[in-house]
Amino acid sequence: MAFKRVVVTGLGALTPIGNTVEEFWHGLSTGKSGAATITRFDASKFRTKFACEVKNFDVTQFIPRQDARKMDLFTQFAMVVADEAINDSGLDLESINKHKAGVIWGSGIGGLKTFEEEVINFSNGDGTPKFNPFFIPKMIADSASGQISIKYGFRGPNYITVSACASTNNAIIDAFNYIRLGRINICITGGSEAAVTQAGIGGFNGLRAMSERNDDPTTGSRPYDKDRDGFVLGDGGAALILEEYEHAVARGAKIYCEIIGGGMSSDAYHITAPHPEGEGAYMSMVDALEDAGIKPEEVDYINTHGTSTPLGDPQEIKAIERLFGEHTYQMSISSTKSMTGHLLGAAGAVESVAAVLAIQHQVVPPTINLFNVDEAIDPRIDLTPNVAKARKIDVVLSNCFGFGGHNATLIFKKI
């Protein structure tokens with residue numbers, strides 16, 4: 001059976017460096033940092049006092065207040081980016097076959113803010129179980145895909161993937177597969193996360209996973225720098241409209257690029273630490289290239305997982321060098337997490353939008369805060385330090401890896 005082609009026809013983004021796709025790209029291309037002192041709660045007693053929060057977000061500009069109250073913040077983010085992507089796609093919602101349209105979303109944690117608030121309220125009470133009737137519907141991760149499906153009436157596959165920080169790459173791969181197998185024509189896919197909470201910051205501090213550079217938050221996320229001390233937690237979301245190629249052409253859609261492959265693997269090694277030789281990362285990229293039917297030397301740019309953790313960054317580079325060999329030094333590599341922070345389960349969606357925009361604009365976003373490259377990294381590798389770089393970009397590979405050893409890789413290609 002011949003696979004159908006799958007293209008990207010709409011984008012939406014709500015990030016720490018821009019609240020629309022246009023603002024997001026401006027932030028990426030100018031090397032903007034989204035890190036700042038936490039505003040959502042008093043973090044003065046926490047080891048990490050900063051994060052990459054979405055700024056100036058007023059949900060009532062997008063969703064009626066009475067409806068927004070029934071949604072956790074991560075679902076509100078999902079609704080906003082899905083709406084931007086739908087509008088960008090130009091889809092005529094009255095004429096499409098909604099039984100052939102799906103919603104496949106990703107989130108690593110889901111409604112953490114809602115869970116935290118309800119448990120604190122119960123703990124502060126007299127033991128009487130007084131819980132908000134919307135507690136469970138707000139908290140569960142699949143509420144995001146469900147709410148999107150309800151709004152647009154999409155009656156195809158509707159679910160959420162959870163694989164830690166690989167969640168949205170897995171969601172996009174699933175959407176890609178449903179379309180190329182001919183099961184559906186359209187899918188709203190992507191992810192959202194809102195884990196900048198007391199539990200989120202406190203939990204990751206307990207793991208000693210986050211940067212504690214409180215004296216200079218804007219330089220806290222520094223992938224590949226020898227002085228990196230952990231990731232910076234971020235929140236927000238992004239959405240992509242994936243569409244079967246002939247369906248998109250028939251309606252005269254604007255086509256950003258094509259998705260040509262997806263790969264997945266497991267480290268099968270440790271619940272939080274990456275494989276020391278990057279074995280899982282290597283196999284995920286191999287799987288994606290084989291799925292796409294292209295050779296390693298056809299890749300122009302890799303948007304790396306690059307979280308700014310001491311262990312994760314060099315292992316991913318090892319895997320890249322092992323797979324790409326001498327071509328490693330011909331490609332451009334960058335970590336946009338240096339600007340957005342780490343959006344956990346939503347990272348793959350935001351970085352997929354970055355990959356698509358890199359192809360559209362023929363510009364590689366930079367790795368900012370790269371002051372002194374880790375001596376373990378070959379100096380011949382182009383890490384796109386601090387300043388965006390114009391170059392020919394036909395193929396972009398985007399990696400996401402998560403706690404539990406989950407690895408997922410996407411490959412985008414210029415039409």
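Let me start with Cys400, which is buried, with a relative accessible area of 0%. Buried means under 20% relative accessible area, exposed over 50%, and partly exposed in between, with a 1.4 Å probe and protein chains only.

A word on the source. This is a predicted model, where local features need pLDDT of at least 70, side-chain atom pairs count only at pLDDT 80 or more, and totals for chains, interfaces and linings use all residues. Residues are numbered from 1 along each chain as its sequence is written, and side-chain values use heavy atoms, with hydrogens and water left out.

Cys257 is in no disulfide either. For Cys257, the nearest cysteine sulfur is that of Cys187, 15 Å away. Cys257 is also buried, with a relative accessible area of 0%.

Next, the cores. A nonpolar core is a set of buried Ala, Val, Leu, Ile, Met, Phe, Trp, Tyr and Cys residues joined through side-chain atoms within 4.5 Å. The largest one has 46 residues. Val8, Leu11 and Val356 are among those with the most contacts inside it. Which helix gives the largest share of this core? Helix 13, with nine residues. Helices (H or I, at least four residues) and strands (E, at least two) are DSSP runs, numbered from the N terminus.

Look at Val356. Not counting residues up to four places away in sequence, Val356 touches Val8, Leu11, Leu240, Tyr256, Cys257 and Phe412. Contact means heavy atoms within 4.5 Å. Apart from this core lies another, of 32 residues, including Leu14 and Ile188.

Last stop, Thr307. Thr307 sits in the loop between strand 9 (301-303) and helix 11. Is Thr307 buried or exposed? Buried, with a relative accessible area of 7%. Leaving aside neighbours within four places in sequence, Thr307 is in contact with Gly230, Phe231, Asp313, Lys337 and His342. Thr307 and Ala144 are 163 residues apart in sequence, and 25 Å apart in space, C-alpha to C-alpha.

Definitions and conventions: Disulfide = S-S within 2.5 Å.
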